Amino acid sequence: MSWIRDVGTRVLDRYFDAPASDTHEALSRASIYVADRVSAGLTDVGTGLQAECERILPDGSQGRVGQFAIATRAPDLLRAAYSGLSLWLCGSVPARVCEGCGRVFAVKDPRQRFHDPRCAQRARYRRFADRKEAT
Ligand SMILES: [Zn+2]
């Protein structure tokens with residue numbers, strides 16, 4: 001493959017110094033190589049938090065108030081391309097801030113508001129306790 005020729009033998013030796021014992025090991029080494037190369041291209045790419053209400057969605061509507069997404073900030077076009085590649089490789093997993101504890105988590109379901117079921121349960125208990133206290 002041409003991309004292997006472009007990289008140089010010395011760099012590849014670190015990942016492919018001996019023949020892989022099976023397909024899984026070969027794919028593991030290739031995955032680690034891709035992750036390391038893309039990570040190197042992400043130098044100085046920062047992340048920030050973006051309010052969804054700042055965004056205009058493809059249907060022309062405004063994003064939801066009180067919802068947030070992780071946004072990347074690249075200093076130049078090359079690193080913006082690496083940032084886009086990294087998101088594409090990860091399947092563009094959206095992230096959200098947990099309403100229970102403030103932790104940033106990968107969203108698996110668009111309705112998900114908490115990072116895990118225990119955090120959701122603690123939030124339900126707090127709401128229940130607050131309502132009980134108010135009465
Ligand atoms: Zn949480």
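Helices here are DSSP runs of H or I with at least four residues, numbered from the N terminus. The model is predicted.

**Exercise 1.** What span should helix H4 have at 1.5 Å a residue, and what is the distance between its end C-alpha atoms?

Solution. Step one: H4 covers residues 77–89, which is 13 residues. Step two: the expected span is 1.5 Å times one less than the number of residues, so H4 should span 18 Å. Step three: the end C-alpha atoms of H4 are 18 Å apart, which agrees.

**Exercise 2.** How many residues of H5 are buried?

Solution. Step one: H5 runs over residues 117–134 and has 18 residues. Step two: a buried residue has 20 or more other C-beta atoms within 10 Å of its own. Step three: the count of buried residues in H5 is zero. For the chain of 135 residues, 2% count as buried.

**Exercise 3.** Is aspartate 44 buried or exposed?

Solution. Step one: aspartate 44 lies in the loop between helix H3 (23–41) and strand E1 (46–51). Step two: 9 other C-beta atoms are within 10 Å of aspartate 44. Step three: the cut-off for exposed is 12 or fewer, so aspartate 44 is exposed. Its phi is also positive, near 70 degrees, although the residue is not glycine.

Terms used. Residues numbered from 1 in each chain as written. Predicted model: local features only at pLDDT ≥ 70, side-chain atom pairs only at ≥ 80, totals over all residues. Helix = DSSP H or I, 4+ residues; strand = E, 2+ residues; numbered from the N terminus.
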